[in-house]
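Please keep the sequence and the structure in view while going through them.

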Amino acid sequence: MSDSAITYTLYVQADPARVWQALTEPAFTRRYWGPVFETDWAVGSTMDWVERGTRTSDPEQVVLDCVPHRLLSYTWHTFSPQWAASVGIAEELRAELARERRTKVTYEIEPVGDTLARLTVLHEGFQPGGTLMGMCSRAWPMIASSLKTLLETGAPLPEPEGEGPEHAGA
């Protein structure tokens, strides 16, 4: 982790196609993370972030790179008042997040032998010392671990007690 990026690497007992499916298909993302992404995954396409019944659309919320089973990159989501209300984020915190610059998430998927995939999550472009980076540095290990657990066991991790809205979607 640097002062403006988070890198998290994990090994998943699944092939790259299955990891890709977990990153891109709403039936998966809803189970291990909560939000779903509505997009066609074509470079330049917008991504609607749908979480707890709230849709967040923004022309700057787009797919940046997409190579199925290998690489996926997109701009991080928009912090709308509707999104914040749906996940229990106070308006003051939402406004603070919205003032920070937009960030980018990249997933790299690499096969490791016949039965494993290495998934690297790079979330970059944070405002050094910003609130979003602190929130995401706590959230990404749980999100990635829940993805891994879902693919390996069929069930995501339970949400830890005491992990409230500050971890939801950010």
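Which residue in the turn of the hairpin formed by β7 and β8 has a positive phi? The answer is given under point 3.

1. Basis of the note. The model is predicted, so local features need pLDDT of at least 70 and side-chain atom pairs count only at pLDDT 80 or more, whereas totals for chains, interfaces and linings use all residues. Residues are numbered from 1 along each chain as its sequence is written, and side-chain values use heavy atoms, with hydrogens and water left out.

2. The five-stranded sheet. Five strands make an open sheet in the order β1-β8-β7-β6-β5, with antiparallel pairing. Strands are DSSP runs of E with at least two residues, helices are runs of H or I with at least four, and both are numbered from the N terminus; two strands pair if DSSP finds at least two bridges between them. β1 (5-12) and β5 (63-67) are the edge strands, and each has a single partner, so one side of each is left without a neighbour in the sheet. From one strand to the next, the twist averages 10 degrees. Axes here are lines fitted to C-alpha atoms, for helices over the stretch in contact, and angles run from 0 to 180 degrees between N-to-C directions.

3. Pairing within that sheet. β5 and β6 (residues 71-75) are joined in the antiparallel sense by four bridges, with Val63 having Tyr74 in β6 as its bridge partner. Tyr74 also has a bridge partner in β7, namely Val105; β6 and β7 pair antiparallel over five bridges. Between β7 and β8 there are nine bridges, again antiparallel, and Lys104 has Glu124 in β8 as its bridge partner. In answer to the opening question, β7 and β8 form a hairpin with three residues between them, and Gly113 in the turn has a positive phi of about 65 degrees.

4. Helices across the sheet. Helix α1 (residues 16-24) lies across β1, β5, β6, β7 (104-112) and β8 (116-124), and runs at about 160 degrees to β7. Helix α5 (residues 131-153) lies across β1, β7 and β8, at about 10 degrees to β1.

5. The cavity. How many cavities of 30 Å³ or more are there? The count comes to one, and the largest cavity has a volume of about 40 Å³. A cavity is a set of points, on a 1 Å grid over the protein atoms alone, where a 1.4 Å probe fits but cannot get out; lining residues have an atom within 4 Å of a point. Grid points are joined across faces, edges and corners, and the volume is the space filled by probe spheres set on the points. The lining includes Leu23, Tyr32, Tyr107 and Trp140. α5 gives the most to this lining, with four residues, while β8 and α5 each supply at least two.

6. The three-stranded sheet. A further open sheet has the order β2-β3-β4, with antiparallel pairing. Its edge strands, β2 (36-38) and β4 (54-56), each pair on one side only. Neighbouring strands are turned by 25 degrees against each other on average, direction ignored. Strand β3 (residues 48-51) and β4 share three antiparallel bridges, and Glu51 stands opposite Thr54 in β4.

7. Ser86. Leaving aside neighbours within four places in sequence, Ser86 is in contact (heavy atoms within 4.5 Å) with Glu51, Arg52 and Thr54. A polar atom of the Ser86 side chain lies 2.8 Å from the backbone oxygen of Trp83.

8. Arg94. Arg94 lies in helix α4 (residues 91-99) and counts as buried at 12% relative accessibility. Its side chain makes a polar contact of 2.7 Å with that of Glu91. A polar contact is a pair of N or O atoms within 3.5 Å; within protein, one must be able to donate a hydrogen and the other to accept it, and residues adjacent in sequence count only if both atoms are side-chain atoms. Beyond four places in sequence, Arg94 touches residues including Phe79, Pro81 and Ile89.

9. Ser45. Ser45 is placed in the loop between β2 and β3 and, at 17% relative accessibility, counts as buried. The side chains of Ser45 and Asp40 make a polar contact of 2.6 Å.

Notes: Buried means under 20% relative accessible area, exposed over 50%, partly exposed in between (1.4 Å probe, protein chains only). On a 1 Å grid over the protein atoms alone, a cavity is a set of points where a 1.4 Å probe fits but cannot get out, and a pocket is an open set with protein on both sides within 12 Å along at least five of seven lines; lining residues have an atom within 4 Å of a point.
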